[in-house]
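Subject: Structure for your files, with notes

Dear colleague,

Please find the structure we spoke about below, followed by my notes on what came out of the analysis. I would be grateful if you could read the two side by side.

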Amino acid sequence: MRFPLKTLFLLVPLVLLLVAGGPVGCGAGETTETALGDLATSDVENLRLKAIDLAQRTLIVDTHIDVPYRMTDGMEDVSQRTDGGDFDFVRAQEGGLDAPFMSIYVPASYQETGGAKTFADELIDMVETIVAGAPDKFALARNPADLEANRAAGRISLPMGMENGAPVEDDLRNVAYFFDRGIRYITLTHSKNNQICDSSYEPPDQRTWGGLSPFGRDVVREMNRLGMMVDVSHISDDAFHQVMDLTAAPVIASHSSARGFTPGFERNMDDDMIRALANNGGVIQINFGSTFLTSEANAYSRTRRRTVGDQMRKQGIEVGSDEARALSERYKEANPYPFATIDDVVEHIDHVVQLVGVDHVGLGSDFDGVGDSLPEGLKDVSYYPNLIHKLLEKGYSEADVEKILSGNLMRVWREVERVASELQARDSEAA
């Protein structure tokens with residue numbers, strides 16, 4: 001996947017696009033004949049070149065991209081540039097992305113209808129099919145060493161994380177089953193309480209367990225034993241603190257942001273939680289969705305859901321129907337969405353760094369998972385150089401940028417594996 005910046009056919013388009021102020025790979029902006037000449041004397045453009053260089057020579061890991069669930073609406077060949085979605089191989093190359101964790105997202109509805117495990121298996125099969133269809137471009141990855149080997153071979157790694165522990169069902173053996181299938185983190189729940197823990201989206205008076213269930217505690221211990229990262233995104237505050245008390249290994253928040261910017265939005269993490277995560281050695285991977293970034297976008301989303309929901313009930317319109325989508329679109333046309341910007345993403349990163357240091361923050365974009373709410377300047381996987389440029393502009397060193405792009409997550413992943421080896425050795429000695 002890495003292409004040397006000395007290769008003129010790649011360097012010129014990338015440079016011109018950034019000089020024009022547009023994202024890498026997206027064709028935005030107009031170029032000028034003097035652009036490359038201006039670069040030689042411009043500190044600003046030298047910084048842009050440095051951002052491109054960093055994107056191409058640094059391992060970039062994004063812990064949450066919803067390609068598999070996106071494909072349930074219709075298969076696309078993501079080994080080629082696609083018209084839809086936020087991810088494909090071409091745009092990932094342009095952005096320097098090496099390891100997008102494929103989200104095996106299982107909606108909470110499967111907790112009521114059954115079939116969560118089967119659905120998760122189908123999505124895992126889908127990821128394996130993507131790799132099998134383009135083995136020169138994609139490869140599976142089960143550990144940090146795989147990521148590095150795949151990168152060296154010019155392939156994009158597709159590690160997997162499972163969003164919602166519902167597919168574990170009520171059988172602890174399923175944790176090992178999914179580990180064997182390649183799952184390397186589990187987001188313990190999603191939008192509803194499940195058999196493992198309570199959800200941050202449920203009203204406090206409707207939470208089932210007051211945090212983790214007894215079974216959920218066993219799940220966390222088993223994940224530690226196997227070397228699977230525990231993901232605390234989506235879970236209630238009580239569940240989070242109970243995980244912190246219980247876990248033997250660092251944990252991740254695979255796609256969350258800082259609650260200080262979105263008061264009352266429990267899906268994000270407050271400062272005490274971020275401190276606890278850092279004390280645990282873990283990492284918060286910043287979500288790019290505008291709703292996660294600014295109070296304005298967050299309030300807009302709540303108002304839109306409430307207003308459209310009221311109209312649907314009055315008109316007898318079913319959830320998910322074409323009529324429901326049309327209602328939502330009409331609302332957006334009458335009330336333009338207050339998009340966040342790339343600067344808001346940097347503010348969240350800054351906040352975490354100022355609070356607990358640069359060793360505990362990374363990227364969990366939620367590309368293909370937050371719909372059309374992505375911020376200006378970060379619209380798909382070709383845009384990582386824009387974010388790197390902003391970080392450099394803010395004064396982050398190359399070493400710090402590398403930690404944010406992947407170093408922190410890789411450290412946590414390796415420590416999770418080390419703890420698992422220790423726990424397994426202890427179990428063997430006891431046996």
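Ala-145 counts as partly exposed, because its relative accessibility is 48%, where buried stands for under 20% relative accessible area, exposed for over 50% and partly exposed for what lies in between, with a 1.4 Å probe and protein chains only. The residue sits in helix α8, which covers residues 144-152; helices here are DSSP runs of H or I with at least four residues, strands are runs of E with at least two, and both are numbered from the N terminus. From Ala-145 to Phe-178 there are 33 residues in sequence and 20 Å in space, C-alpha to C-alpha.

Before going further, please keep in mind that this is a predicted model, in which local features need pLDDT of at least 70 and side-chain atom pairs count only at pLDDT 80 or more, while totals for chains, interfaces and linings use all residues. Residues are numbered from 1 along each chain as its sequence is written, and side-chain values use heavy atoms, with hydrogens and water left out.

As to the whole, the protein chain has 18 helices and 10 strands. Its radius of gyration is 21 Å, close to the 22 Å that the globule rule gives for 431 residues, so the protein chain is as compact as a globular protein of that length; the radius is taken over C-alpha atoms, and the rule is 2.2 Å times the number of residues to the power 0.38. The C-alpha trace spans about 65 × 65 × 45 Å along its principal axes, and 57% of the 431 residues count as buried. Of the contacts in the protein chain with a separation of 6 or more, 71% are between residues 24 or more positions apart, contact being heavy atoms within 4.5 Å.

The largest nonpolar core has 93 residues, and those that touch the most other members are Phe-87, Phe-138, Leu-188, Val-243, Ile-349 and Leu-387. Helix α7 (residues 116-133) gives the largest share of this core, 9 residues. A core of this kind is a set of buried Ala, Val, Leu, Ile, Met, Phe, Trp, Tyr and Cys residues joined through side-chain atoms within 4.5 Å. A second, separate core of 18 residues includes Phe-101, Ala-141, Ala-249 and Val-412. Once neighbours within four places in sequence are left aside, the contacts of Ile-349 include Ile-286, Val-361, Leu-363 and Leu-387.

His-255, in the loop between β8 (252-253) and α12 (271-279), counts as buried, because its relative accessibility is 0%. Apart from neighbours within four places in sequence, His-255 has contacts that include His-64, Glu-163, Asp-231, His-234, Arg-267 and Asp-366. His-234 in turn lies in the loop between β7 (229-231) and α11 (237-246) and is buried, with a relative accessible area of 4%.

There is also a backbone point to check. Most residues other than glycine have a negative phi. His-234, however, has a positive phi of about 80 degrees although it is not a glycine, and Asp-368, not a glycine either, has a positive phi of about 65 degrees. Asp-368 belongs to the loop between β10 (361-363) and α17 (384-393) and, at 17% relative accessibility, counts as buried.

Pro-375 is likewise found in the loop between β10 and α17, and is buried with a relative accessible area of 0%. Its C-alpha atom is separated by 8.8 Å from that of Leu-293, 82 residues apart along the chain; Leu-293 is also one of the residues that Pro-375 touches, together with others including Phe-288, Ala-340 and Ile-342, when residues up to four places away in sequence are not counted.

Arg-181, in the loop between α9 (173-180) and β6 (183-187), is buried, with a relative accessible area of 14%. Leaving aside neighbours within four places in sequence, Arg-181 is in contact with Asp-121, Ile-124, Asp-125, Glu-128, Arg-142 and Met-160.

Lastly, Ser-295 has its place in helix α14 (residues 295-315) and counts as partly exposed at 33% relative accessibility. Not counting residues up to four places away in sequence, Ser-295 touches Phe-261, Thr-262 and Pro-263.

With best regards
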